[in-house]
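Q: Please pick out one part of this chain and go through it closely, residue by residue where that helps. Then set it against the rest of the chain.

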Amino acid sequence: MKNLFRFLISKEGFVSVLCYLQTALFAFLSFAPLNLPFFVWFSPFGLFYIEKKYRGQWKKLIYHGFGFAAVFYAVSFHWVYHMTTVFGGFDWYLAIPIFIISGIILNFKFPVFLLVFSFLVRRVGKFFPWIAAFSIVFAEFFTPQVFPWYFGNVVAENKILAQNAEYTSAYGLSAFLFFVSYYLFYLKNPKHRFRFTKKLIRSFFQKRKTLVWGVLPLSIVLILAFGNGYYLYQKWSNVKPTTEREVLIIQPNAPLEFRDGRNPAEEMRNLMDRIDTLAYDALKNQSVDLIVLPESGVPFFTTHDTDVTRLAGMYWYQFESLMSILSLRHGANVFYNELDADIPSGEFLARRNIRSYNSSVLVNPNAERKGDYQKVFLLIFGEYMPFEWMYALSGQTGKFAAGEKLSLIPYFEKRKAPSLVTKDLRWADTFGIRPEEVKEQYKGNRVEEKQVGSFLPLICYEVIISEFVRKFEGDPDFIVNVTNDKWYGNSVESYQHHTLGRMRAIEFRKWIVRSTNSGTSVFTDHLGNNIDNEFTELDSASVLQKKVQVIPAEKTFYRKYGNLLSYLFMGFSIFGFLIYVKKFR
């Protein structure tokens with residue numbers, strides 16, 4: 001600890017911390033919600049400087065890598081502390097160590113990048129921009145991350161460059177960033193600029209190879225990235241949708257816990273009334289194909305009436321009644337989040353054998369349950385703990401089982417005729433009427449069941465895991481991401497979460513409907529553009545309604561082959577480095 005303090009107050013330590021901050025702050029400024037992408041091209045400079053200064057000093061590079069990790073985490077992911085205290089329920093004296101340790105462990109990519117980059121620079125001795133590109137892709141591929149954040153996600157703030165994600169996802173954009181950034185880093189020195197320019201001029205007239213190795217690679221990479229991005233943007237801009245679906249997002253701003261002394265029963269009644277009113281006011285004189293409620297839009301309960309859910313105390317008939325009212329009153333499909341539970345095969349019905357799921361379900365315009373999806377990727381410290389003994393530290397943390405199905409959710413033709421019910425049911429009526437009676441009262445509004453499409457369901461941060469999303473079977477009309485970002489407070493997390501997930505729209509060439517509990521909800525098209533740049537406000541109850549275009553089925557390169565190009569890039573790079581070292585070094 002004393003050595004660390006001495007280092008921090010020394011000139012060497014001061015310069016190192018400036019490098020950490022430069023990389024962290026420039027990346028943060030480039031990212032949502034600030035969206036100043038100019039800074040991203042200079043963000044890697046801190047890493048390049050530290051590697052150059054401590055080249056070959058492996059122990060120091062590791063220490064500095066963890067320094068980058070800690071500062072980067074503190075700047076860009078400061079909201080994790082809020083999640084740990086509110087979502088996880090940890091006291092501050094436990095939350096702070098968890099935050100620091102997770103910041104280091106989950107950002108191994110920084111020390112890995114420095115080690116790989118320094119090793120290759122020493123062994124190869126040339127092609128530094130190429131080596132930088134290889135090192136960042138290698139580091140992002142093979143290091144663990146709870147919130148997969150890649151430098152390429154920041155590059156994707158440029159709508160032309162972002163289109164390349166159709167082939168390479170974020171990894172290719174990370175490689176492009178570090179390739180270009182190293183040229184900028186080298187040329188930041190006036191002496192290097194003068195020497196570089198002098199060599200290029202001389203080589204041009206004397207036909208030396210300096211021109212080839214100096215300008216041609218950068219020119220080719222820039223032309224390919226911007227040229228292909230522009231081509232794809234124009235191509236997909238001109239694609240005509242097969243149809244459009246009217247979608248309403250309801251953002252209810254549901255409470256998540258009641259440790260502040262609020263009355264749970266009163267808060268839940270207010271929430272249900274708020275959902276009912278938001279839907280009723282938005283759809284008085286119109287119909288929609290789909291109503292989407294977010295993750296934890298109605299927390300703690302389920303509409304799935306089984307022996308298991310009744311034993312667990314999850315089933316709430318008024319919840320089911322209200323969802324039935326929404327579908328039958330407005331003649332729409334309703335997609336909402338709930339808890340669900342079952343008993344493992346071979347086990348008897350008892351509380352200790354119950355498995356709980358974070359589940360989303362669709363009911364058709366006749367209020368019939370037609371499809372559900374249980375979350376597969378669970379959130380550490382929120383939905384599960386890595387070790388059994390840790391549950392005793394946080395009573396707020398759930399103990400969920402992971403789902404197994406990766407199938408699309410079907411949706412059905414909406415009711416086109418006017419409602420035959422003269423007096424609509426409202427939330428207040430559910431106190432004296434059960435789900436079966438709701439259906440009976442609206443029996444005149446029943447329609448012939450006709451499936452008209454399907455969508456890909458994702459819960460919370462599943463949307464930011466590209467390798468996972470492409471495992472879903474079938475070709476969806478669009479993607480629906482329901483999430484609950486309220487655990488992170490009034491912070492930049494919700495914008496960052498969306499920006500990380502927005503890449504799936506480009507990889508799939510499908511629209512994304514993002515429905516959040518407390519903001520920010522938004523619609524994103526197949527080009528990665530946020531429609532009308534309209535986001536709901538944080539900590540608010542509101543609705544957002546748009547026409548979602550159904551883009552014709554065409555499996556993109558990324559959907560077919562995943563990270564093939566990134567693996568080929570790393571494979572050919574290693575092969576090229578080995579050949580060069582053997583022949584010339």
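A: Asn35 lies in the loop that runs between helix 2 and helix 3; helices here are DSSP runs of H or I with at least four residues, strands are E runs of at least two, and both are numbered from the N terminus. This is a predicted model, in which local features need pLDDT of at least 70 and side-chain atom pairs count only at pLDDT 80 or more, while totals for chains, interfaces and linings use all residues. Residues are numbered from 1 along each chain as its sequence is written, and side-chain values use heavy atoms, with hydrogens and water left out.

The backbone at Asn35 has a positive phi of about 55°, although the residue is not a glycine. Its relative accessible area is 33%, so Asn35 counts as partly exposed; that class lies between buried (under 20%) and exposed (over 50%), with a 1.4 Å probe and protein chains only.

Pro33 sits in this loop as well, between helix 2 (11–30) and helix 3 (45–53). The peptide bond joining Ala32 and Pro33 is cis, with omega about 5°. Pro33 is partly exposed because its relative accessibility is 32%. Leaving out residues up to four places away in sequence, Pro33 touches Val492 and Tyr495, where contact means heavy atoms within 4.5 Å. Between Pro33 and Glu320 there are 287 residues in sequence and 37 Å in space, C-alpha to C-alpha.

A positive phi near 55° is found at Asp539, a residue other than glycine. Asp539 belongs to the loop between strand 10 and strand 11 (542–550), and its 41% relative accessibility makes it partly exposed.

Strand 8 (residues 478–483) is mostly covered, with six of its six residues buried. In a regular strand, side chains alternate between the two faces of the sheet. In strand 8, Phe478, Val480 and Val482 point one way while Ile479, Asn481 and Thr483 point the other way, and all are buried. Strand 7 (residues 451–459) pairs with strand 8 in the parallel sense over five bridges; pairing requires at least two bridges found by DSSP. Phe455 has Phe478 of strand 8 as its bridge partner. Strand 8 also runs parallel to strand 9 (residues 512–516), to which five bridges join it, and Ile479 has Ile512 of strand 9 as its bridge partner.

Strand 4 (residues 355–363) has eight of its nine residues buried, so the rest of the structure largely encloses it. Strand 4 and strand 5 form a hairpin with five residues between them, and Ala367 in the turn has a positive phi of about 65°.

Phe179 is a buried residue from a helix: its place is in helix 10 (residues 165–187), and it counts as buried because its relative accessibility is 10%. Beyond its neighbours within four places in sequence, Phe179 has contacts that include Pro129, Trp130, Pro217 and Leu218. Phe179 and Trp316 are 137 residues apart along the chain, and their C-alpha atoms are separated by 56 Å.

As for the whole, the chain has 21 helices and 11 strands. Buried residues make up 55% of its 585 residues. Its C-alpha trace spans about 90 × 60 × 45 Å along the principal axes. Among contacts between residues at least 6 apart in sequence, 73% join residues at least 24 apart.
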